[in-house]
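Hi,

Here is the structure I promised to pass along. Have a look at it first, and then read on for what turned up.

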Amino acid sequence: MTVDDWVFEAVELSKGTGATVREIQRRIDERHYEELAIDTIEASLASLAKAERVQEIDGRWHAVRRVSKEDALRRLFGDT
């Protein structure tokens, strides 16, 4: 697994409450026995946000709900 996978997994485990960077760091340490630096986690969150897999709301990170294949095609081709 990559760092992005670990970070996304930690965000998903937060369920509907979202997770702070420190909570993400703690979950990765507990599950994968790896201590990641805050700047590494923040860089990973930035790349996941750019890929629209996570979003930040009030300082907490949430996994973005997946869309159906039809919705993805509509977004891609601009149909509303």
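Before the helix packing, one definition: axes are lines fitted to C-alpha atoms, for helices over the stretch in contact, and angles run from 0 to 180 degrees between N-to-C directions. Helices (H or I, at least four residues) and strands (E, at least two) are DSSP runs, numbered from the N terminus. Please keep in mind that this is a predicted model, where local features need pLDDT of at least 70, side-chain atom pairs count only at pLDDT 80 or more, and totals for chains, interfaces and linings use all residues. Residues are numbered from 1 along each chain as its sequence is written, and side-chain values use heavy atoms, with hydrogens and water left out.

Now the packing. Helices α2 and α3 pack at an angle of about 105°, and their axes are 10 Å apart. That makes α2 roughly perpendicular to α3 (65 to 115 degrees; under 35 would be roughly parallel, over 145 roughly antiparallel, the rest oblique). On the α2 side the contact (heavy atoms within 4.5 Å) uses Val21, Arg22, Ile24 and Gln25, and on the α3 side Ile38, Ile41, Glu42 and Leu45. By type, these residues are five nonpolar, one polar and two charged (Ala, Val, Leu, Ile, Met, Phe, Trp, Tyr, Cys and Pro count as nonpolar, Asp, Glu, Lys and Arg as charged, and the others, Gly among them, as polar).

α1 also packs on α3: their axes come within 9 Å and cross at roughly 80°. So α1, too, is roughly perpendicular to α3. Here Val3, Asp4, Val7, Phe8 and Val11 of α1 meet Thr40, Ile41, Ser44, Leu45, Ser47 and Leu48 of α3.

Thr40 sits in helix α3 (residues 38-50) and is partly exposed, at a relative accessible area of 33% (buried is under 20%, exposed over 50%, partly exposed in between, with a 1.4 Å probe and protein chains only).

In α1, the buried residues are Trp6, Val7, Phe8, Glu9, Ala10 and Val11. Their cover includes α2, α3, β1 (54-57) and β2 (60-63).

Cheers
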